[in-house]
Amino acid sequence: GRFFAKGLKPTEKLTNKTAITNRETLLAGMDDKTKTQLYKLTDAEVGSYSPESQQGFMETVFNRAAIKGKPIKKIVEDSGYYQSIRVGGDGNVDNLEITNTQNDYSGILNSVVAGSNRTRGATHNLLLGSKDGDKWNTTYQGAKGTKVPIDREFYYSKTNEQEDINELLR
């Protein structure tokens with residue numbers, strides 16, 4: 001079916017009812033401040049890319065939260081993981097600005113919660129061609145066959161997450 005965000009091309013959907021319920025539960029646990037933090041982080045990481053890449057990024061946030069058993073707030077405030085928080089936000093996601101105001105982050109969030117699976121369960125992202133980009137499967141333990149490139153970003157999951165991801169995607 002069609003997703004809610006303007007300009008999004010159709011993608012696979014999660015078929016596991018538990019996975020969709022999990023995303024709905026994660027959304028229910030988000031207050032307006034957390035949604036704004038997610039939008040700011042999405043904008044900082046992939047805001048200049050296509051809606052598909054923005055959707056992929058949000059999927060990784062939700063997938064990582066599900067696998068780690070953490071609320072979205074804990075994921076989007078993780079300055080140890082997101083360089084954009086450390087550099088652009090001076091260590092705090094709230095300091096990030098939304099510069100790509102034309103983007104429909106609310107619609108993309110609805111698509112993710114409805115079960116979009118553009119990244120095939122990915123939990124991480126890296127910039128293609130970055131100095132760390134070629135280390136995704138060594139230093140960052142990316143699992144073979146999980147790399148999904150969209151625009152200048154690619155999405156992947158770690159080897160030690162595969163059992164949980166397979167459960168999520170079932």
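1. Helices α1 and α3 pack with their axes 10 Å apart and at an angle of about 95 degrees, where axes are lines fitted to C-alpha atoms, for helices over the stretch in contact, and angles run from 0 to 180 degrees between N-to-C directions. That makes α1 roughly perpendicular to α3, given that angles under 35 degrees count as roughly parallel, over 145 as roughly antiparallel, 65 to 115 as roughly perpendicular and the rest as oblique. On the α1 side the residues are Asn22, Arg23, Leu26 and Leu27, and these meet Glu59, Phe62, Asn63, Ala65 and Ala66 in α3, contact meaning heavy atoms within 4.5 Å. By class, the contact of α1 with α3 has five nonpolar, two polar and two charged residues; here Ala, Val, Leu, Ile, Met, Phe, Trp, Tyr, Cys and Pro count as nonpolar, Asp, Glu, Lys and Arg as charged, and the others, Gly among them, as polar.

2. On provenance, this is a predicted model, in which local features need pLDDT of at least 70 and side-chain atom pairs count only at pLDDT 80 or more, while totals for chains, interfaces and linings use all residues. Residues are numbered from 1 along each chain as its sequence is written, and side-chain values use heavy atoms, with hydrogens and water left out.

3. The secondary structure of the protein chain comes to seven helices and three strands, helices (H or I, at least four residues) and strands (E, at least two) being DSSP runs numbered from the N terminus. Read from the N terminus on, the elements follow the order α-α-α-α-α-α-β-β-β-α.

4. Of the 170 residues of the protein chain, 49% count as buried, where buried means under 20% relative accessible area, exposed over 50%, and partly exposed in between (1.4 Å probe, protein chains only). The chain exposes about 8500 Å², of which carbon and sulfur atoms supply 47%; accessible areas come from the Shrake-Rupley method with a 1.4 Å probe, and for residues only the protein chains shown count as cover. Among contacts between residues at least 6 apart in sequence, 71% join residues at least 24 apart.

5. Not counting residues up to four places away in sequence, Leu41 touches Phe57, Val76, Tyr82, Ser84, Ile85, Val93 and Leu96. The C-alpha atoms of Leu41 and Asp94 are separated by 8.9 Å, although the two residues are 53 residues apart along the chain.

6. Two loop residues may be checked for backbone geometry. Most residues other than glycine have a negative phi. Asp90, in the loop between α5 (83–87) and α6, has a positive phi near 50 degrees and is exposed, with a relative accessible area of 68%. Arg120, in the loop between α6 and β1 (124–127), has a positive phi near 55 degrees and is partly exposed, with a relative accessible area of 40%.

7. Asn92 lies in the loop between α5 and α6 and is partly exposed, with a relative accessible area of 33%; Asn92 and Glu77 are 15 residues apart in sequence and 7.0 Å apart in space, C-alpha to C-alpha. Ser50, in the loop between α2 and α3, is 101 residues from Asp151 in sequence and 7.1 Å from Asp151 in space, C-alpha to C-alpha. Leaving out residues up to four places away in sequence, Ser50 touches Ile150 and Asp151.
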